[in-house]
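User: I am new to reading protein models. Could you take me through this one in short questions and answers?

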Amino acid sequence: MIGCRYASLACASMLMVVASSVVAAADAASPGMTKQALAPTHYTDWPRIHPRTKADPQLDARVHDIVAQMSLAQKIGQMTQAEIKSITPDQVRQFYIGSVLNGGGSWPQGNKHASVADWLALADRYYDASMAVDSPVKVPVIWGTDAVHGDSNVFGATLFPHNIGLGAAHDPDLIRQIGAATARAVRATGVDWAFAPTLAVAQNVRWGRSYESFSNYGPLVRAYARAYVTGLQGNFGDANVLATAKHFIGDGATANGTDQGVAKVSRRDMINVHGAGYVGALEAGVLSVMASYNSWDDAVDGINYGKMSGAHALLTGALKEKMGFPGFIVSDWNAIGQLPGCSNASCPQAINAGIDMVMVPDDWQAFIANTTRQVKDGEIPMTRIDDAVSRIVRAKLVMGAFGKRPSQRAGAGDANLLQDRALARRAVRESLVLLKNNHDVLPLKRGSRVLVVGKSAD
C-alpha cells in the first residue's frame with residue numbers, strides 16, 4: 001500500500017476504501033503535520049488542558065446571576081433535550097426546554113426535501129417559544145444536529161468524505177475548512193449546534209462505525225480534532241456553530257470491535273491513545289462533549305468503570321476536574337436507559353455522574369417529572385443541578401445564542417451556503433488511497449491506452 005504513514009484506517013481495510021483506491025495519496029505529511037505534532041504522548045494521568053480562550057470573571061458573574069434567578073422547573077428544562085418529532089414550539093415554552101435535536105430521518109414537517117427556509121422557520125419558532133416563557137429569565141433554546149460530514153440531513157447540502165477517508169489526507173487545514181463549510185451550511189438553516197467531530201481512535205476494523213474514525217493513531221486524531229473544532233466554532237460569529245467532541249471515551253477501543261461494547265484497555269492507553277482527540281478538542285475550546293455508549297474495564301488496574309454515562313470518575317473526575325473542561329456534557333440518544341436501574345425517562349445516576357444535558361428524544365416529559373421528584377427527594381443534589389445549568393448557560397452565552405433569532409443572523413436562509421463542491425472535490429482528491437499499483441500503471445504515461453470501466457466510466 002502507498003500513502004499510509006501514520007495511516008488512516010482506510011489503509012487498514014481494503015473493503016472500506018475500495019471505492020477510493022484510484023490514485024495514490026502523498027506519502028509525505030502536509031506542512032501542518034510536523035513530527036512534533038504527530039509525536040505520541042506519555043501521560044500517566046489525565047492532563048490539564050489550557051484552551052485558547054481565557055477565563056472571564058464577568059462572564060462567570062453573568063452566568064451566576066442568570067442561574068440564581070431560575071426556578072427548579074427552568075433548570076431541569078435547560079437540562080432536557082427533545083427530538084423535534086416529539087416536541088412542539090409551544091411545549092418548549094411551557095417546559096422551559098433547553099435544547100431540541102433532529103435525529104437522522106427527522107426533518108421539518110417530516111419532509112426530507114424541506115427547504116432551507118423551512119428549517120429556518122422552524123428554528124425561529126423554537127427560539128421565539130423559548131423567549132416567551134412566563135419568567136423574567138429567558139434562556140434561548142439551541143438546536144443540535146448530526147452534521148458529521150457536511151449538513152447531511154438537509155436536502156441538497158454538499159457532503160464531504162467520511163472521517164476514514166479524511167484521515168488519509170494528513171491535512172489539518174483541510175479539516176478546518178470542512179468544519180467551517182459545515183458550520184456555514186448548518187447556520188443557514190437556523191441550527192446552531194453540530195454533533196461533531198467524532199474522535200474515536202478505532203483499533204479494530206470489525207467495528208461497524210470504523211468509518212467515523214479519522215485514524216487508529218492518536219496524535220493524528222488530536223491534530224484533526226483541534227482543526228475541526230476551530231473550523232466549526234471559530235470565534236462564534238454568525239457563520240459558526242457549537243461543536244461536540246464525541247464519544248467520550250473509548251468507543252473505538254471495544255473488544256472485538258463490538259459496537260457499544262466493553263473497552264478492555266489500560267489506563268495509559270485510554271489516556272494517550274483514545275483520549276488524544278479530546279486533548280486537541282479542549283485545546284481548541286470545544287464547549288460540548290457527548291458521552292459514549294461503551295463501557296470501560298481497566299483490567300490492568302482492576303477498575304471496571306461501567307457505562308460511560310454513569311462513570312463519575314471519568315465524566316466529572318477526569319474530564320471536568322483534571323482536564324478542566326468548562327463546557328457541558330450531553331448524553332447520547334436514550335443512553336441513560338442503558339445504565340443499571342435506569343430507564344430512558346429516569347436516571348439520577350447519570351446526572352450525578354456528570355451528565356449536564358440529557359438527550360431524551362421522546363420521553364422528555366416523564367424525564368422532567370422524574371428528575372424534579374429526584375431533586376426534591378434528595379437523590380440529585382441541587383448543587384449538581386446548578387453546576388449543570390451553569391455550564392449550559394455559559395456555553396450559550398459564549399456561542400452568542402442570546403439576543404438574536406436564527407433568521408437575524410447573517411447568511412440565514414441562504415441556500416448557496418449549503419454548497420461547497422470545490423472543497424468537497426479537494427477533500428476527495430486528498431483522501432484517495434492507492435492500495436495496489438500493478439505494473440506501475442499510475443501515474444498515467446503520455447500516449448498510453450487505458451480501459452476505463454464501470455457505470456461512471458463516461
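This is a predicted model: local features need pLDDT of at least 70, side-chain atom pairs count only at pLDDT 80 or more; totals for chains, interfaces and linings use all residues.

Analyst: Residues are numbered from 1 along each chain as its sequence is written, and side-chain values use heavy atoms, with hydrogens and water left out.

User: How many helices and strands are in the protein chain?

Analyst: Helices (H or I, at least four residues) and strands (E, at least two) are DSSP runs, numbered from the N terminus. Counted that way, the protein chain holds 15 helices and eleven strands.

User: Which radius of gyration does the protein chain have, and why does it agree with a compact globule?

Analyst: The radius is taken over C-alpha atoms, and the globule rule is 2.2 Å times the number of residues to the power 0.38. For 458 residues, a compact globule would come out near 23 Å. The protein chain agrees with that, because its own value is 22 Å.

User: What percentage of the residues in the protein chain is buried?

Analyst: Buried means under 20% relative accessible area, exposed means over 50%, and partly exposed is in between (1.4 Å probe, protein chains only). Of the 458 residues, the buried share is 56%.

User: Among contacts between residues at least 6 apart in sequence, what percentage joins residues at least 24 apart?

Analyst: A contact means heavy atoms within 4.5 Å. In the protein chain, the share that joins residues at least 24 apart is 76%.

User: How many Å apart are the mean positions of the positive and negative charges?

Analyst: Lys and Arg count as positive and Asp and Glu as negative, while His and the chain ends are not counted. Each charge is placed at NZ of Lys, CZ of Arg, CG of Asp or CD of Glu. The protein chain has 44 positive and 39 negative charges, and their mean positions are separated by 5 Å.

User: Which residues of strand E7 are buried on its two sides?

Analyst: In a regular strand the side chains alternate between the two faces of the sheet. Strand E7 (residues 288-291) is covered on both faces. One side has Ser288 and Met290, and the other has Val289 and Ala291.

User: Which residue in E10 stands opposite Met290?

Analyst: E7 pairs in the parallel sense with E5 (residues 244-248) over four bridges, and there Val289 is the bridge partner of Ala245. E7 also runs parallel to E10 (residues 328-330), with three bridges. In E10, the residue opposite Met290 is Val330.

User: Is Asp124 buried or exposed?

Analyst: Asp124 lies in helix H5 (residues 116-130). Leaving aside neighbours within four places in sequence, Asp124 is in contact with Arg405, Pro406 and Ser407. Its relative accessibility is 8%, so Asp124 counts as buried.

User: Is Arg429 buried or exposed?

Analyst: Arg429 lies in helix H15 (residues 421-431). The C-alpha atoms of Arg429 and Gly165 are separated by 10.0 Å, although these residues are 264 apart along the chain. With 53% relative accessibility, Arg429 counts as exposed.

User: What is the omega of the peptide bond from Lys246 to His247?

Analyst: His247 lies in strand E5. The bond from Lys246 to His247 is cis, with omega near 0°.

User: What is the phi of His170?

Analyst: His170 lies in the loop between helix H6 (163-166) and helix H7 (172-188). With a relative accessible area of 4%, His170 is buried. Its phi is positive, in a residue other than glycine: near 55°.

Methods
Two strands pair if DSSP finds at least two bridges between them.
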